[in-house]
Amino acid sequence: MGKYSIPFLILFNLSLSTFGQETLIKGSVKDAQTLEPIAGVTISIEDSQLISITDSKGEFLFSSNIPLGEQILKISKQGYLSKRYPIVVNQGKTVDISDMTMDIDVSESADLFTITLSDDELNDDIGGADNISGLLSSSQDVFQRTVAFEFSSSFFNVRGLDSENGTVLINGIEMNKLYNGRPQWSNWGGLNDMMRNQELSTGLAPSAYNFGGVLGSTNINTRASNYRKGGQITYSSSNRSYTNRLMASYASGLIKNGWAFALMVGRRWGEEGYQEATLYDSNSFFASVENKINDNHSINFTSINAPNRRGKSSPNTQEVYGLKGIKYNEYWGYLDGEKRNSRIKEVEEPIMMLNHYWDISTKTSLNTNVAYQFGKLGNSRLDNSGGSNPSPAYYQDLPSYTLSDLNGPDYALAYQLEQNFLNDGQIDWERIFDANLTTNISGQNAAYVLYEDRSDDKQLTLNSILSSELTENILVNAAINFQTLKSENFGEVIDILGSNPGVLNVDSFDNYQYDSQNPNRVAGEGDKYRYNYNLIADIVSAYAQAQFKYNKVDFYLSGRITNTKYQREGLWEHSRFPGNASFGKGEELSFTGFGAKAGATYKISGKHLADINGGYITRAPSLRNTFSNSRENHNIVQNIDEEKISTADISYIFRSPIVKAKITGFYSKIEDANEVGFYFADGLSGDDIENNDTSAFVQEVLQGLDKKNFGVEVGIEAQVIPTIKLKGAASVGQYTYDNNPNLYLTSSSFTGPRGSINYGEANLKNYKVPGGPQRAYSAGFEYRDPDFWWVGATANVFTNTYLDINTLTRTRNFYLDADGLPFNDYDPELAAQLLKQEKFDDYLVVNLVGGKSWKIDNYFVGFFASIGNMFDQDYKTGGYEQGRNANYRELRDDNANPKRVFGPKYWYGRGSTYFISTYIRF
């Protein structure tokens with residue numbers, strides 16, 4: 001062997017050794033007070049795209065595409081103060097930075113806004129109340145947080161889409177309702193402390209749990225071991241939804257023998273919120289228990305129950321608001337000296353789930369879940385089976401009615417009606433009881449009862465979610481999911497209001513038997529009434545996804561397939577739709593949906609990034625939009641098909657230690673959608689209406705509806721000095737109907753074989769889609785003092801909010817007389833003016849927030865407060881055109897009146913409101 005052989009072999013072996021060694025960054029994070037591991041901490045390397053999340057042991061690892069040299073490691077988690085650690089990374093070496101600590105952020109104030117994210121969603125009957133804000137509350141993106149905390153009170157919809165386009169999951173189980181596709185936020189309302197551990201995927205961005213929706217997905221993690229050890233007691237007061245809130249929570253952290261538990265109880269209550277007589281009565285219970293069997297297996301059981309009752313508030317015409325103000329609510333009246341609301345929404349749907357977590361290897365995990373949800377959802381209302389309309393704002397009891405008299409206005413009567421309404425204007429419960437007593441004396445059944453529309457669901461969900469890191473650059477996710485639902489739907493008499501024995505189970509308008517196999521049955525308290533049927537749904541779905549991460553570009557591909565089956569089972573036979581048209585099991589429907597999406601992020605540099613995403617989705621219509629009138633018959637929406645969604649967005653992102661900014665352009669198109677609505681219509685044309693009438697209670701079906709949404713989103717924040725942050729956000733969009741869909745009506749008053757009349761095309765193209773402001777702008781600041789007090793303010797401007805149009809007036813029914821011939825006095829120019837969509841006034845809302853916190857030994861005590869709409873701005877958040885003027889002449893004559901009799905009904909936002917809260921953590 002030559003004299004150079006030994007040094008050469010040593011150098012060769014050293015080279016092999018260096019080549020074989022990986023460059024790694026690993027470490028762990030602990031709570032600075034308890035020294036317990038913290039799960040769910042986001043670890044990032046600044047000026048790179050590398051992100052890791054700590055596991056249940058508080059540990060993390062970076063093993064691929066790690067930049068060399070001097071780097072900054074940032075650790076962050078909601079509820080804690082973020083920290084930055086300088087490190088030096090060398091090729092082939094391991095950087096071990098274990099036992100980093102995080103201090104609790106005692107000024108963390110996100111809880112201030114939870115009242116607007118879950119409590120307001122409890123009442124989804126108010127105009128535009130369905131929004132996506134709850135999906136965005138955990139985001140660190142300034143635009144998304146602005147939507148959640150500033151825009152939500154105006155019922156702003158991100159990209160003009162409602163919450164059925166985003167998915168909410170708890171431990172990987174999807175919580176969106178099969179009936180309408182939307183999450184029922186109140187199912188976990190009042191459990192703020194236990195709902196904080198969230199993983200958010202916005203837009204089409206990939207999720208580790210499911211395919212997601214156009215607006216993304218949020219997974220709420222309730223594993224007991226992931227909660228910070230300790231407890232918290234909170235008391236809050238407000239004039240928004242409730243008056244008082246009391247919450248207590250405790251988490252054990254991981255204790256001996258691998259057990260962990262987390263518990264919480266809460267109560268929210270109040271006689272009324274901002275609107276009159278909107279009572280609030282809610283209790284909340286949460287328990288999560290986990291057993292870490294060994295290093296590879298863990299089982300977690302979660303139980304959630306949040307029963308709640310809330311009084312609803314009414315939409316009103318501008319005439320009513322002008323007389324009684326924006327707090328007015330027509331649904332209540334005094335009974336025995338107390339306010340009694342006739343419309344109460346009651347929800348109690350407990351959730352139980354069992355989750356198995358299996359770490360197959362260090363790079364592969366399998367999460368298998370089973371969940372069962374059951375319970376009831378009820379909405380009460382007054383039923384007048386033989387009496388006059390009990391509404392205190394009934395059109396014949398308002399001044400506008402006598403002022404529009406064809407024989408000339410009756411000013412004296414108008415003044416009398418005005419004074420009556422001003423001095424009372426509420427439900428006369430005593431008159432209702434007296435009317436029932438009178439009808440009983442004459443041998444008749446109840447003229448009025450209070451009944452409840454009920455949906456009692458039983459839903460079982462099973463799924464299994466796989467995640468595997470194939471290589472240092474490729475991550476694969478896949479899942480299979482099964483859901484089965486049985487939804488029992490019926491009316492139930494809850495109060496016969498002094499009558500004996502009850503109410504006749506017959507349609508008082510058309511005299512049809514609701515249950516023809518038990519004719520003329522009298523329904524008492526607790527008996528079913530009006531309708532009784534089941535909806536059955538079974539869904540099987542699977543998705544797969546691959547993510548690729550490299551130095552300059554990250555990209556992903558994802559696909560989904562879904563089979564959905566629906567069926568209606570009639571438990572009563574409706575006499576208008578005899579035999580198998582309403583009774584027994586109807587046709588089983590089957591829909592097949594596909595989804596595909598892809599996206600890429602190009603890293604121009606550490607500060608500049610470009611992101612693009614695109615997707616195409618087909619999906620089954622919701623149960624709500626599948627049956628034209630499920631309360632009476634099996635009829636399916638004619639020519640029903642899967643909905644199609646095309647969507648894309650492109651973003652530029654700038655990130656520096658001082659400024660973070662993002663600008664996004666977006667586009668989406670929904671095709672072949674169906675929408676089913678219910679209302680009373682006047683001015684109908686056609687020969688298929690009983691008694692040649694022109695009025696009926698109808699179900700309106702829009703078929704093949706297309707919508708087009710596009711716009712720009714901007715978010716920017718600047719930490720100008722360590723104590724002051726400036727922030728701004730804007731969304732500028734245009735959301736329109738993009739075609740002229742077919743419209744037909746169904747009704748038990750129609751004499752055709754299917755009880756329907758087709759009115760052909762509805763001329764909707766280029767009308768604006770309702771649903772909150774289409775443009776919103778926000779600017780504000782935050783000041784956080786080193787002595788742990790803080791203050792912030794934002795100014796928010798909202799524009800381009802539109803009234804929901806009556807689509808029937810955009811069909812041929814508008815210009816046809818009752819005989820089917822065109823009106824001989826039809827004026828096209830006036831018609832165009834009458835059909836112009838109302839645009840609401842722009843408005844400014846200023847919000848203020850502040851607080852103070854203290855650390856006393858091992859306790860954290862905090863107080864904070866907010867003022868919403870500080871300058872008491874009145875503004876409309878939504879509304880709709882009434883269906884009572886369905887043709888040209890009726891609408892023309894109504895608009896010619898000094899005050900419209902059947903003008904649009906509106907919802908107003910709240911005036912100035914407050915929210916204060918104090919807490920102690922330990």
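Modeller: This is a predicted model, with a mean pLDDT of 90 over the protein and 94% of its residues at 70 or more. Residues 1-20 stay under 50 in pLDDT, and the model gives them two contacts beyond four places in sequence. The pLDDT is also below 50 over residues 109-135, yet this stretch has 98 contacts in the model beyond near neighbours in sequence.

The part I would pick is helix 8, residues 429-441. With 13 residues at 1.5 Å a residue, helix 8 should span 18 Å, and the 19 Å between its end C-alpha atoms agrees with that. Its buried residues are W429, I432, N436, T439 and N440. These cover an arc of only 105° around the axis, so they lie on the same side of helix 8. E430, T438 and I441, on the other side, are exposed. The cover over the buried residues includes strand 19 (332-335) and strand 20 (338-341), together with strand 24 (376-384) and strand 25 (448-469). Just after helix 8 comes G443, which takes a positive phi of about 85°.

Elsewhere, salt bridges in the model come to 39. One of them pairs K57 with D295, with 3.9 Å between the closest N and O atoms. K57 is in the loop between strand 3 and strand 4 and D295 in the loop between strand 15 and strand 16, so this pair ties together parts 238 residues apart in sequence. K57 is partly exposed at 38% relative accessibility, while D295 is exposed at 54%.

Note on methods:
Residues numbered from 1 in each chain as written. Predicted model: local features only at pLDDT ≥ 70, side-chain atom pairs only at ≥ 80, totals over all residues. Heavy atoms only, no water. Helix = DSSP H or I, 4+ residues; strand = E, 2+ residues; numbered from the N terminus. Expected span 1.5 Å × (residues − 1). Buried < 20%, exposed > 50% of the residue type's maximum accessible area, 1.4 Å probe, protein only. Arc of directions from axis to C-beta. Contact = heavy atoms within 4.5 Å. pLDDT = per-residue confidence, 0-100. Salt bridge = Lys/Arg side-chain N within 4 Å of Asp/Glu carboxyl O.
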